[in-house]
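Please keep the sequence and the model open while reading.

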Amino acid sequence: MTDRPTAPWWTSAVVYQVYPRSFADSTGDGVGDLVGITSRLDHLQRLGVDVVWLSPIYLSPQADNGYDISDYQAVDPVFGTLEDFDRLLAEVHERGMRLVMDLVVNHTSDEHPWFVESRSSTDNPKRDWYWWRPAREGFTAGEPGAEPTNWESFFSGPTWTLDETTGEYYLHLFDRKQPDLNWENPEVRAAVHEMMRWWLDRGVDGFRMDVINFISKDPALPDGPTTGTGGLGNGFAHFATGPRVHEFLQEMRREVFAGRTGDFLTVGEMPGVTWQDARLFTDPERGEVDMVFQFEHVSLDHGPGGKFDPKPLDLRDLKASLGRWQTALGETGWNSLYWNNHDQPRVVSRFGDGSPVSATALATVLHLHRGTPYVYQGEELGMTNAPFAGVDDLRDVESLNHHQRAVEAGQDPEAVLAALRAMGRDNARTPVQWTAGHAAGFTSGTPWIAVNPNHTWLNAAAQYDDPDSVFHHYRRLVELRHTRAVVALGDFTMLLADHPHVYAYERRLDDTRLLVLANLHGTEQTVDLAPEWADAAVVLTNTAGHSLTAGRATLQPWAALVLDLTGGQ
């Protein structure tokens, strides 16, 4: 065995994301809450996960379901109280798990006291805490095209809103109620650092940092290339991974974490980040973040019109993308591994065929890569996209804005709705399906968004005593990462890169070799293998639908298996 330095604890950990609004409701008001989460922690302990990532619970007007924060140090009453949070944190720690908070500091709510002060006058001391600009030269404020830049918001429309109080525009990359903080101002950074230290003092174990690579913008705020949508442009190059982002993150590490006792986790959500950027962000010698969320692999089924113009996934593209990230961060840095989160449709419906066996096949492929896997609530049950009957069933601001603008632009309403059914964020936000009973056991009342009707057969209670269930397959995958060093730390080699339906790769650590094979298609597939694998031990499989002979493997639809050639570590 090769001597190796002790690896960080999170290399063998699995993270579970809780979206509080949809996890478990203890009061019957139809909205999930902290007491509800606490009541379901035994589910997470049974699954075996190490970290709970809690999506925002802060005080918020809920324009973007809590990602618009009006007080970073208060719990929104819809979720409970600080005392409820403290009890949840204590119960998480008692079960040997850690809790990571969602840090949303690219922007605040327009109801945050900082912004209320900032907008009150042009000479307010907090005016420069946000991005304010007068109308474009030659235009009068409020005229079409008078916005300071032509950037288009992620939630449709311009990124600038005119504030009548001072006659200037403020920048918001997302909703108009989410004004962007100006990180060029050192007072902003100091206030954020102070808030982070407050939560760490309270006992939390780290942060998942929302769109953190957007905090450094080109101060010139130049126009972007026109996208063709009402004359708006794409400003991404001017606000993503900007000129001072590494400086800001290194400062954050020094000011918040340096000298503090504890094993913390920092995860940066970074849309559009390249593997070259990610290697810098996650190089431990640079002191920035432990890992990043990148979006390359979940953009592969976006058509020319973007995410709401979906196209079928070509598995070869997925292998090329994930394989590239495995190689690029193999020696320096670290990968986050995910299919699902609160912003993505359900992978079993997206890349699978909606069946439990396709859920376990996709899980096997993901979890045995090198990196830290993230399980999004309900994924461990195989929860699917929801059959939204119409736009009135939707709740997400991004989807509602897109629907309105697309229909106004003359698109077929049914085609728009079909795209939202496939790719909308509400798919991830339907309540967790605990039981076959009323509202899937999520609430005794009426849920804030409809429960998927398939909860009558697809639910946690039905899976606990079924060793072949999706839940127990996920549990076994988590256990493999905990118990097999090769899963956490082994090298990665992609195999069968050009095969259109079979995903295959090898993990190797010292003398230990694992082979992962998965047929991600609805027809039987046969592939050639090195003859030595015919005698390998089967570590894990999701179905009996496979056969191995010297030099060949036959896989039934959605069959996945993990082979161990050496029986090692």
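Helices (H or I, at least four residues) and strands (E, at least two) are DSSP runs, numbered from the N terminus. The model is predicted, so local features need pLDDT of at least 70 and side-chain atom pairs count only at pLDDT 80 or more, while totals for chains, interfaces and linings use all residues. Residues are numbered from 1 along each chain as its sequence is written, and side-chain values use heavy atoms, with hydrogens and water left out.

**Cavities**

- On a 1 Å grid over the protein atoms alone, a cavity is a set of points where a 1.4 Å probe fits but cannot get out, and lining residues have an atom within 4 Å of a point.
- Grid points are joined across faces, edges and corners, and a volume is the space filled by probe spheres set on the points.
- Two cavities of 30 Å³ or more are counted by this rule.
- The largest cavity has a volume of about 70 Å³, and its lining includes Gln-294, His-297, Trp-325, Tyr-338 and His-369.
- Helix H9 (315-328) and strand S14 (336-337) are the elements that give two or more residues to the lining of the largest cavity; H9 gives the most, with three residues.
- Residue classes are nonpolar (Ala, Val, Leu, Ile, Met, Phe, Trp, Tyr, Cys and Pro), charged (Asp, Glu, Lys and Arg) and polar (the others, Gly among them).
- The lining of the second largest cavity divides into five nonpolar, two polar and two charged residues.

**Second largest pocket**

- A pocket is an open set of points with protein on both sides within 12 Å along at least five of seven lines.
- The second largest pocket holds about 720 Å³ of space.
- Gly-330, Glu-331, Gly-333, Trp-334 and Arg-370 are the closest to the centre of this pocket, out of 30 residues that line it.
- H9 and strand S16 (491-495) are the elements that give two or more residues to this lining.
- The lining of the second largest pocket has 10 nonpolar, 11 polar and nine charged residues.

**Helix packing**

- Axes are lines fitted to C-alpha atoms, for helices over the stretch in contact, and angles run from 0 to 180 degrees between N-to-C directions.
- Contact means heavy atoms within 4.5 Å.
- The axes of helix H8 (residues 275-282) and H9 come within 10 Å and cross at roughly 40°.
- Trp-275, Ala-278 and Arg-279 of H8 meet Arg-324, Trp-325 and Ala-328 of H9 in this contact, which has four nonpolar, no polar and two charged residues.
- Helix H12 (residues 397-408) and helix H13 (residues 413-423) pack at an angle of about 155°, with their axes 10 Å apart.
- H12 is therefore roughly antiparallel to H13, a term for angles over 145 degrees.
- The H12 side of this contact includes His-402 and His-403, and the H13 side includes Pro-413 and Leu-420.
- The contact of H12 with H13 has five nonpolar, three polar and no charged residues.

- Ser-156, in the loop between strand S6 (132-133) and strand S7 (160-163), has a positive phi near 80°.
- Asp-510, in the loop between strand S17 (502-509) and strand S18 (512-519), has a positive phi of about 55°.

Notes
Angles under 35 degrees count as roughly parallel, over 145 as roughly antiparallel, 65 to 115 as roughly perpendicular and the rest as oblique.
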